[in-house]
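Please read the following account alongside the sequence and the coordinates. It begins with local backbone geometry and then turns to a loop, a helix pair and the chain as a whole.

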Amino acid sequence: MASRVEQKERVRAERLAAEESAHRADRRRAQLMRLGLIAAVAVIVVIVAIVASGGSSSSSGSGSGGSDTAATTALFKGVPQQGITLGRASAPATLIEFADLQCPFCGEYSNNGLATVVKDYVRTGKLRYQLHIRSFLGPDSVKAAGAAAAATKENRLYQFSDLFYRRQQQENTGYVTPTFLRGVANGAGVDPAKALAGAANPSSQPQVAAAEKLASQLGSNSTPAFYLRLKSGRLVPVEPKALDGASMSAAINTALSGS
């Protein structure tokens with residue numbers, strides 16, 4: 001009889017020990033989750049602080065001696081540029097892009113895919129490039145398009161747009177201020193006074209309306225949008241699977257082969 005009692009007590013003790021172990025494990029998991037959450041919040045705070053700091057510096061409009069300015073200058077150095085067109089007049093086809101300077105996807109393409117297109121297709125004379133700046137995402141887009149139109153008159157559209165994308169911030173937050181535009185203009189080699197005048201009165205810039213008109217004629221309703229124009233005048237859509245250099249090259253080659 002005593003052995004049965006001892007056996008029951010032993011089983012009970014083992015059960016209690018197992019339950020206590022499970023409780024400890026649960027408490028440990030909860031503690032780790034809380035610590036993980038705290039760490040994640042800390043990381044987010046640091047990232048936000050870094051982004052905020054970077055945004056402030058880009059908005060300050062210094063634009064001189066920065067790595068982004070140097071990268072932009074190097075990308076287009078020596079490439080013929082006339083108005084909205086980049087590259088040789090003898091190129092057998094023209095790649096057309098519709099973009100909005102506020103568009104984050106346009107920024108993604110400019111920062112991750114454009115350099116490959118310029119290096120492999122424009123510099124080599126395989127393609128000319130034509131950039132149409134649209135202005136449909138909000139007031140900042142309209143101001144940016146007006147400033148870009150002024151840069152176009154100085155044959156610096158590509159430097160202006162590329163540097164704008166490198167410093168792009170959250171859309172429709174009002175960041176396209178005179179200070180921001182002055183910094184981009186200075187870095188791109190554009191007369192800041194002319195850029196600001198264009199931003200203040202974009203309706204006076206025919207290029208702003210022309211971009212919207214052409215997009216409407218082609219049925220283009222999003223950005224970035226790409227088309228390949230052949231010497232014959234025929235337009236072929238270029239539809240990259242992603243906005244990086246490899247995807248863009250693949251899409252261009254597909255469009256060229258199907259032309």
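Asn155 has a relative accessible area of 26%, so this residue counts as partly exposed, the class that lies between the 20% limit for buried and the 50% limit for exposed. The model is a predicted one. Asn155 sits in the loop that joins helix 5 (139-153) and helix 6 (157-166). Its phi is positive, at about 55°, although Asn155 is not a glycine. Most residues other than glycine have a negative phi.

Asn172 is found in the loop between helix 6 and helix 7 (178-188). Phi of Asn172 is near 55°, again a positive value in a residue other than glycine. With a relative accessible area of 42%, Asn172 is partly exposed.

Another backbone feature involves a proline. The peptide bond that leads from Thr223 to Pro224 is cis, and its omega is near -5°. Most peptide bonds are trans. Thr223 belongs to the loop between helix 9 (206-218) and strand 5 (225-230), and Pro224 lies in the loop between helix 9 and strand 5 as well.

Is Thr223 buried or exposed? Its relative accessibility is 11%, and Thr223 is therefore counted as buried, the cut-off being 20%. Leaving aside residues up to four places away in sequence, Thr223 touches Phe98, Ala99, Asp100, Cys103, Phe105, Cys106, Arg134 and Phe136. One of these, Arg134, is 89 residues from Thr223 along the chain, yet the two C-alpha atoms are separated by 8.4 Å.

The next item is a helix pair. Helix 4 (residues 114-122) packs against helix 10 (residues 245-257) at an angle of about 45°, and the two axes are 8 Å apart. Because of that angle, helix 4 is oblique to helix 10. The crossing of helix 4 past helix 10 is right-handed. Helix 4 contributes Thr116, Val117 and Tyr121 to the contact, while helix 10 contributes Gly245, Met248, Ser249, Ile252 and Asn253. Sorted by class, this contact holds four nonpolar and four polar residues, with no charged ones.

These elements belong to a protein whose secondary structure comes to ten helices and six strands. Of its 259 residues, 41% are buried. Among contacts with a separation of 6 or more, 77% are between residues 24 or more positions apart. The protein exposes about 13600 Å², of which carbon and sulfur atoms supply 57%.

Conventions:
Residues numbered from 1 in each chain as written. Predicted model: local features only at pLDDT ≥ 70, side-chain atom pairs only at ≥ 80, totals over all residues. Heavy atoms only, no water. Axes fitted to C-alpha atoms, helices over the stretch in contact; angles between N-to-C directions. Helix = DSSP H or I, 4+ residues; strand = E, 2+ residues; numbered from the N terminus. Parallel < 35°, antiparallel > 145°, perpendicular 65-115°, else oblique. Left-handed = near helix turned anticlockwise from the far one by under 90°. Contact = heavy atoms within 4.5 Å. Nonpolar A, V, L, I, M, F, W, Y, C, P; charged D, E, K, R; others polar. Buried < 20%, exposed > 50% of the residue type's maximum accessible area, 1.4 Å probe, protein only. Areas by Shrake-Rupley, 256 points an atom, 1.4 Å probe, with all protein chains shown as cover.
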